[in-house]
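Please look at the sequence and the model below before reading on. The paragraphs that follow go through the structure part by part.

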Amino acid sequence: MRIIIVGAGEVGFHISRRLAVENKEVIVIDRSADALKRVAEATDVKTIKGSGSSPGVLQEAGVKGADILLAVTDSDEINILSCYFANQLSKDITKLARIRHRDYTDYANLVREGAIGIKKIINPDQEVVDSILRLMSVPGAVEINEFAQGKIRLIGVNLPPDSPVIGTKLLNLRDRIGDVPVVIAAIVRDDELIIPSGVDEIRKGDVVYFACDIRDQDDIIDRLGIKYEPIKKVMIVGGGNIGYQLAKALDNKHFHTRLLDNDPERCQYLSEQLDRPIILQGDGTDQEVLREENIGDMDMVIAVTGDEETNILTCLLAKSLGARSTTTRINNFAYMPLIDPIGIDHLVCPRLSAINSLLHFIRRGQVISTASIKADEAEVLEAIAQEKSDVVGKPIMELDFPRGSLVLCFQRGHDVIIPRGDTVIEPGDRLVILSARNNISKVEKALDAKMEFI
Amino acid sequence: MRWQFVLHIIGALSACVGLTMLWPLMWAVWYGDPGVMPFIVSAIITVASGAALFFGFARSRKGVVSHREGMAIVALGWLAAGIFGGLPFLFADTFPTFIDCVFESLSGFTTTGASVMTDIEAAPRSILFWRSLTHWLGGMGIIVLSLAILPFLGVGGMQLYKAEVPGPVPDKLKPRIKDTAMVLWKVYLVFSVIETILLMFGGMDLFDALCHTFGTMATGGFSTKNVSVAAFDSAYIDYVITVFMLIAGINFSLHYLLLKGRPKVMLRDPEFRVFLGLFLIFCTVLTVSVYMANHYDTTADAVRFTSFQVASILTTTGFATADYELWPALCQGILLFCMFVGGCAGSTGGGMKVMRIMLLLKQSYQELFRLIHPRAVSKVKMGKTVVPDDVIRGVWGFFILWIGLFVLAAFVVASTGVDVVSSFAASLACIGNIGPGIGSVGPTDNYAHLPELAKASLTLCMVLGRLEIYTVIILFVPEFWRK
């Protein structure tokens, strides 16, 4: 299988590495010799120097016999053009492009259909905005993942000290909170991830991950005794694409939004485009500015400038001045493990989400999507139960699943079902499975759903 | 500044005005009233002098109209129209002095509706028709009319259009200015025809229906009766006129889009919403206030008379069905405030325009907001559109000049011995193109008793108000005349 990657930036680099490890024939095109050198040194791929929007270069890369084209340069135009020429040169190639600007994403059908024919548009900025909005929709949540096209959610929350479930064994959970369809997927205690069984007990200070139908979400949060004030006052630092889209999404009467940016011209533009948010001009690391705008009073401070040092500093300042929660944007993967220890509540990374989306799409076997929780210690898989698979037709308690892995829930038709021990899985059910990282291959085996590629 | 070119265009405008005198002439012939000769003479003089200017300077016509020339053409063109338009009154001996004739004529063209006629019903019907017709011509604008019908004005017509159309930023509905002007006149014509028919259903004859339609659609206010619309004493007619006064007070671009099947644009337009909101709030307050003071026996009557007066003053029409000077002081205060506000930008109404008041308030709020958030970057917006800073500056300048000239004119009127309330009211009613004020120029009085100097300065006020200050006042700035 041959995959052509246009653009050897951070996204191109990481995705080529992941694909090359999985024994794919990867060709990377970039205009910068330095970027290509970095890729070539780190991974076993072929590199071609040139513009990805040039038909000649695409031909040289062997676009004719290739299966997939990933256009992931920083420029939307080059990505679109590159897909256009690839489409002209080789009709059957599957094209994925990273497109961020609203000028194009608002007209997604125009680039999907016709002469360009992009199969999937990856818009990491939008995904980041969506994930921040998701976090804001559940105050107190540390992490929210969505499955089955948003029907099923896996939510991690800080349990308040007065929660009625504290001291309860999971076996008896329903006695405490009533018969609601919910499953406790994982517990993080003292920085350690526990995939619990019925005898485990919920304790004070735990972060609890639970899976449920999105329609039951508010009810469950209520029953768990989580009563955080809804997020109203938001300060966004950085008025780039993400900051702007976020402010736009919060441009309604439910939020008091402030948007801080350093560039006077950008501020002018933002103030023209946005209605309610207050646009401020100043430096996110300048204490005076933050104090003047009462950053300590904010329910959430979101630092999404292009500069991660600034983002981290802003969040730390905000935290020290009393802001309720902070979210930072990170580009460099090396910083990720630092975020939690230094006290920043959430992190978002557009590049990582771009890479994940691309991989999810490429690995279109029976495993539909994966998401990692608690910094990769465990992974959530979403897969469709195949007819010949071992899991079908047996009650769940008899499944040959490794310890530390469990079926959280599944979707059958339009219903979300939270399984009990005697529930039987049918072919076509869309399963959401949580597994500790070291058991994933065993789970895949049980599912008979190896990471197959298109 | 090419004088000959300016006079050439003014000649064309004057000839057009002269031709419109044929319409009242037809009524004069039909009724056999003494207006026949005056209209024939006036039309001949006007068309002849217009043609003389037009053909005399025909060679000067080349190039486009510059910004300065545009303003000179519009300001002087209006003055010429006012003077020529006064000729029928002069020849028919309607008024004792020439100043009175020009006052009445410009009061018509500027859609003010302030009259120096003491007994309206005694005047020949052709003269009354001419008064109302000047309203209708001036309402949508004689320049806009000329742009629509005179092919050679197309190039550079935008300068003329900007100088005449009310509001801080004129809308250009069509790519070509000629088509824009045409569209506006068509909309104007459609509403006029509808109103005429509706008024005839209410029992008016064609003559009265036409004259009142002209007065309504242009937000003018000349009636054919001594006691204005009250003479018909019909709730139906009152409500028809109320509705059409409001229609005339709304931006005609919105009407155009409404007729094109896009009513949402109107409903979402912030100026329209504020305009309608003001009308409804004021009506409610006045109705309650008037009803509590026992002026009317039934609520229906109170609603009927207050809504008519509020619409009449807010849109700066100036028709009357009740003497609001007898109403409680609060009502008079509100009506006085309405005189300042006026209609929407791009309507035929006068006053400062709702749009400008909104921009001034928004801008003032911005200043407060910046005191609270010193680093905030914010823009004044109308709906979703950002209002450029130069427009805001223009509005501030307009506001200061408007108030300044209104006060100055009031001082001049007061200096002639008129009492202070009437002086201020007359000045406000003229610069706002309203017509009736309070005091000795109230809804049941007229302007005939004022001294000549007062009339002359009020005439200037009317033109200043109709052309929105800048176009006229610029002629008095020395810098304008420097090469």
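Two strands pair if DSSP finds at least two bridges between them. Helices (H or I, at least four residues) and strands (E, at least two) are themselves DSSP runs, numbered from the N terminus. The model is a predicted one, in which local features need pLDDT of at least 70 and side-chain atom pairs count only at pLDDT 80 or more, while totals for chains, interfaces and linings use all residues. Residues are numbered from 1 along each chain as its sequence is written, and chains are lettered from A and ligands numbered from 1 in the order in which they are written.

In chain A, strand S16 (residues 325-329) and strand S17 pair in the parallel sense over 3 bridges. Within this pairing, A:Thr328 has A:Leu347 of S17(A) as its bridge partner. Both strands belong to an open sheet of 6 strands with parallel pairing, in the order S14-S13-S12-S15-S16-S17 (chain A). At its edges are strand S14 (278-281) and strand S17 (346-348) of chain A, each of which pairs on one side only. From one strand to the next the twist averages 15°. Helix H7 (residues 124-137) of chain A packs on this sheet and touches strand S15 (300-303), S16 and S17 of chain A. The direction of H7(A) makes about 160° with that of S17(A); axes are lines fitted to C-alpha atoms, for helices over the stretch in contact, and angles run from 0 to 180 degrees between N-to-C directions.

An antiparallel pairing is found elsewhere in chain A: strand S19 (residues 378-384) and strand S22 (residues 430-436) are joined over 7 bridges. There A:Leu381 stands opposite A:Ile433 in S22(A). Of the 7 residues of S19(A), 5 are buried (20 or more other C-beta atoms within 10 Å of the residue's own; exposed means 12 or fewer, partly exposed in between; C-beta atoms are placed from the backbone).

Helix H1 (residues 10-21) of chain A also has buried residues, among them A:Phe13, A:Ile15 and A:Leu19. The cover over the buried residues of H1(A) includes strand S1 (2-6), helix H2 (33-42) and helix H15 (350-362) of chain A. Just after H1(A), A:Asn23 takes a positive phi of about 65°.

How far can the model be trusted? pLDDT is the predictor's confidence in each residue, from 0 to 100. Its mean over chain A is 83, and 94% of the residues of chain A reach 70 or more. Among the elements of chain A, strand S12 (residues 233-237) has the highest mean pLDDT (94) and strand S18 (residues 367-373) the lowest (59). Where pLDDT is low, the predicted coordinates should not be read in detail.

Notes
Two residues are in contact if their C-beta atoms, placed from the backbone, lie within 7 Å.
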